[in-house]
Each structure stands twice: as structure tokens, then as C-alpha cells.
Amino acid sequence: MSEPTTASFGFREVPEHEKEDLVREVFSSVAQRYDVMNDLMSMGVHRLWKDAMVEWLNPQPGQLVLDVAGGTGDIAFRIAELARSRGGNAGVVVCDINSQMIAEGVQRALQMDEPDVCWVCGDAESLPVPDSSMDACTIAFGIRNVTHIDAALAQMRRVLKPGGRFLCLEFSHVDAPGLDALYERYSFSVLPRLGEWVAKDGEAYRYLAESIRRFPAQAAFAQMIARAGLSRVKVRNLAGGIAAMHSAWRL
């Protein structure tokens, strides 16, 4: 009899079929305070990283963009706004597995009177989007929470048109001497306490810190992207490798 398959949930190994529900519970718990926590735990730097991602994407009027695990809309709103600044509209679809995160995003869109973003609840490993239908596919701070990263990458390639762009922003591995030890202490001492104070869930932010440590380093993730059939993979580090952007194309 074969051994049951497991998946990493932070530093724990859990039955593979349980990871999706565990991740959903984490984000359901923090959904209402998610954007506030992002500002606090990054001291606002996540906004600069997201700006850098969308600038590198360089969205154009008339394009269709899928933002996977886009919950509260940070990337989608930036894409829509930048396209409008260039004289037209881009259609942006946010796909997230967590309905509570989507609800927060929809509420933000209503408050902002944002007409160019639509929302769908769906799994990154089985995107509810037709083949070859998107000009670009983005995912920010979501890929490390997927049970099968290779399956999610294959799905994002599937939905891209030939010539379409894949762009991922994710926490990564620090490559600046001295910063790695400081970041380690911050992640495991400060973040859970901040999560307990603001989001009333310190364990959720302990999981997030652990999931960052379990995520592949820049070069290893670039190889995974290439194995999924995407080409011309490039990497840009941010803040000494605390985060990294990976770009690739469906050719």
C-alpha cells in the first residue's frame, strides 16, 4: 500500500488533500484586516513592489489580464489604472479561491468606482478560464500557498495567448549579507505578534512566515516556470531578495 501523499503547510507536513482547506482558513481568518496587515508588516513597501510589478508588466489598452490569487484587488486595480492612463481600458479578471478575500476586493472596487475589474472564485490549479484567452497572467504573493505549484504554472500557461506574458511577485530568498539574519528574526518574532494584535490571528502569520521559508529560491523557481512550458524566464530581486519578480512568456 502506497504512503499517503503530503504537502507542506508552513513547516508542517500535512495530508495533501487537507492543505487547500488549511490555506483557505488562514486567509478567511485575516481577510478583513489583510490590507492593513500588509501595510504594517512591510511598512508600506509592498505597495512599491506591486507598483514595480505592474510597471514591468506594462499593461496596454485593450488587453485582457488574469490576476490569480488576487483577492483584494491590489494588482488588478493598478493594472486597470495604468492602462487607462495610456488612453484606454484593459479588462482585468481577478481569480481567487477564497470567497471572503473576493468579497473584500469587490467592496473595495465599489468604493473606488472601478469598472474594469471583474471577479471569479476559482482554484489556481484549475482556472475557470478558456485556453489561450489572456494577454497576460499575474500572481502576487499567492503561488507559495498553492498545493501543486507545477499544476498552477501549467494552468497559467494554458490560459495565455501565444505571445502572452506571465509575471509573478513572491517573497523569496534574501541574498544580501546580514539582511538574512535580521529578516529571519523579524519574520518569526515580530510578524506573529503583529498578526495577533491586528488580525487577532498570530498563527496565520506564523504560517505565512514559514511558507516563505519553504518556497523555492529564485533560480529553482525559474526552473519550475521553464518546465511548465514558459520561455525567456527573467528574475528581478527586490529589497535584497526579500521579494522577487519572475517574468516569462508563452511563445
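Residues count as buried under 20% relative accessible area and as exposed over 50%, with partly exposed in between. These terms are applied here to a predicted model.

Helix 9 spans residues 218-227. Its buried residues are Gln-218, Phe-221, Ala-222, Met-224 and Ile-225. Seen down the axis of helix 9, these residues fall within an arc of 155°, so they line one face of the helix. An α-helix has 3.6 residues a turn, so residues three or four places apart point the same way. The face of helix 9 turned away from the buried side carries Ala-219 and Arg-227, which are exposed. The buried residues pack against helix 6, strand 7, strand 8 and strand 9. Just after helix 9 comes Gly-229, with a positive phi of about 100°.

Strand 8 covers residues 231-238. Strand 9 covers residues 243-249. The two strands run antiparallel and are joined by six bridges. They form a hairpin, with four residues between them. Within the turn, Ala-239 has a positive phi of about 50°. Two positions illustrate the pairing. Val-235 stands opposite His-246 of strand 9. Asn-237 has Ala-244 in strand 9 as its bridge partner.

Strand 9 also pairs with strand 7. This pairing is antiparallel and runs over seven bridges. Here Arg-165 has Trp-249 of strand 9 as its bridge partner. Six of the seven residues of strand 9 are buried, so the strand is largely enclosed by the rest of the structure.

Lys-234 lies in strand 8. Its relative accessible area is 52%, so Lys-234 is exposed. Leaving aside residues up to four places away in sequence, Lys-234 touches Trp-56, Met-245, His-246 and Ser-247. Met-245 is eleven residues from Lys-234 along the chain, and their C-alpha atoms are separated by 8.1 Å. The charged end of Arg-165 sits over the ring of Trp-56, 5.3 Å from the ring centre.

Aromatic contacts form a second theme. A pair of aromatic rings is described by the distance of the centres and the angle of the planes. The count comes to five aromatic pairs. One of them joins Trp-49 and Phe-141, with 6.3 Å centre to centre and 45° between the planes. This pair is tilted. It links distant parts of the chain, 92 residues apart. Trp-49 belongs to helix 3 (residues 45-57), while Phe-141 sits in the loop between strand 6 (134-140) and helix 6 (149-159). Trp-49 has a relative accessible area of 8% and is buried. Phe-141 is buried as well, at 9%. Phe-141 also pairs with Phe-171, the ring centres lying 4.6 Å apart and the planes at 35°, so this pair too is tilted. Phe-171 lies in strand 7 (residues 160-171) and Phe-141 in the loop, so the pair ties together parts that are 30 residues apart in sequence. Phe-171 is buried, like Phe-141. Through these ring pairs, Trp-49, Phe-141 and Phe-171 are linked into a cluster.

Charged pairs form a third theme. Side chains of opposite charge can pair when their charged atoms come close. The whole structure holds eleven salt bridges. One of them joins Glu-114 to Arg-84, with the closest N and O atoms 2.9 Å apart. Glu-114 is in the loop between helix 5 (99-112) and strand 5 (117-121), and Arg-84 is in helix 4 (residues 74-85), 30 residues away. Glu-114 counts as buried, at 9% relative accessibility. Arg-84 is partly exposed, at 33%.

Lys-161 and Asp-135 form another salt bridge, with their closest N and O atoms 3.3 Å apart. Lys-161 is in strand 7 and Asp-135 in strand 6, and the two are 26 residues apart. Both residues are partly exposed, Lys-161 at 28% and Asp-135 at 21%.

In a further salt bridge, Glu-184 meets Arg-213, the closest N and O atoms being 2.8 Å apart. Glu-184 lies in helix 7 (residues 179-198) and Arg-213 in helix 8 (residues 202-214), so the pair ties together parts 29 residues apart in sequence. Glu-184 is partly exposed, with a relative accessible area of 36%. Salt bridges that share partners also join Lys-50, Asp-74 and Arg-108 into one network.

Technical notes
Residues are numbered from 1 along each chain as its sequence is written. This is a predicted model: local features need pLDDT of at least 70, side-chain atom pairs count only at pLDDT 80 or more; totals for chains, interfaces and linings use all residues. Side-chain values use heavy atoms; hydrogens and water are left out. Rings of Phe, Tyr and Trp (its six-membered ring) pair if their centres lie within 6.5 Å; planes under 30 degrees apart count as stacked, over 60 as edge-to-face and the rest as tilted. Buried means under 20% relative accessible area, exposed over 50%, partly exposed in between (1.4 Å probe, protein chains only). A charge sits over a ring if NZ of Lys or CZ of Arg is within 6 Å of the ring centre and within 35 degrees of the ring normal. Contact means heavy atoms within 4.5 Å. The arc is that of the directions from the helix axis to the C-beta atoms. Two strands pair if DSSP finds at least two bridges between them. A salt bridge is a side-chain nitrogen of Lys or Arg within 4 Å of a carboxyl oxygen of Asp or Glu.
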